[in-house]
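Hello,

Here is the structure we talked about. Please open it and keep it beside this email while you read.

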Amino acid sequence: MQSHHLVTWLIIGGIAGALAGRLVEGRGLGCLANVVVGIAGAVIGGAIFDHHEPDASYGVLGSIVLAFIGASLLLAVLRLLSGGRPLGGGRSGPYIR
């Protein structure tokens, strides 16, 4: 993943964060939050997998899967720390009531 450009990192982060948000929260977290969670997930997932397989190369699809796994773990831990409350202010739809 070291050879990816910044734009590729942002795209991978956005995809992984959106998928992880849908899995853990049941909805997306918003564009910026998806990217941030996805990039943080890529760092977490990369650290975990690098510990087990230091010289592995994953490609773009593998990077998305790796970032998704890390982002899902991050959101699950944050959800546990918040006492099970939804992340992101508890909004349930596109409109705030």
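How are α2 and α3 oriented to each other? Start with the numbers. This is a predicted model. In it, helix α2 (residues 31-52) packs against helix α3 (residues 59-81) at an angle of about 105°. Their axes are 6 Å apart. Angles of 65 to 115 degrees count as roughly perpendicular, so α2 and α3 are roughly perpendicular to each other.

Now look at who meets whom. On the α2 side, the residues include Gly38, Gly41, Gly45 and Phe49. On the α3 side, they include Leu66, Gly70 and Leu74. By class, this contact has 13 nonpolar, five polar and no charged residues.

Next, the other pair. Helix α1 (residues 6-25) and α3 have axes that come within 8 Å. They cross at roughly 40°. α1 and α3 are therefore oblique to each other. The crossing of α1 past α3 is right-handed. Among the residues in this contact are Ile12, Leu19 and Glu25 of α1, and Ile64, Phe68 and Arg79 of α3. The contact of α1 with α3 has 14 nonpolar, three polar and two charged residues.

Last, the whole chain. The chain has three helices and zero strands. From the N terminus, the order is α-α-α. Of the 97 residues, 29% are buried. Take the contacts with a separation of 6 or more: 68% of them join residues 24 or more positions apart. The chain exposes about 6,300 Å², and carbon and sulfur atoms supply 67% of that area.

Best wishes

Conventions
Residues are numbered from 1 along each chain as its sequence is written. This is a predicted model: local features need pLDDT of at least 70, side-chain atom pairs count only at pLDDT 80 or more; totals for chains, interfaces and linings use all residues. Side-chain values use heavy atoms; hydrogens and water are left out. Helices (H or I, at least four residues) and strands (E, at least two) are DSSP runs, numbered from the N terminus. Buried means under 20% relative accessible area, exposed over 50%, partly exposed in between (1.4 Å probe, protein chains only). Contact means heavy atoms within 4.5 Å. Accessible areas come from the Shrake-Rupley method with a 1.4 Å probe; for residues, only the protein chains shown count as cover. Axes are lines fitted to C-alpha atoms, for helices over the stretch in contact, and angles run from 0 to 180 degrees between N-to-C directions. Angles under 35 degrees count as roughly parallel, over 145 as roughly antiparallel, 65 to 115 as roughly perpendicular and the rest as oblique. Ala, Val, Leu, Ile, Met, Phe, Trp, Tyr, Cys and Pro count as nonpolar, Asp, Glu, Lys and Arg as charged, and the others, Gly among them, as polar. A crossing is left-handed if the near helix is turned anticlockwise from the far one by less than a right angle, and right-handed if clockwise.
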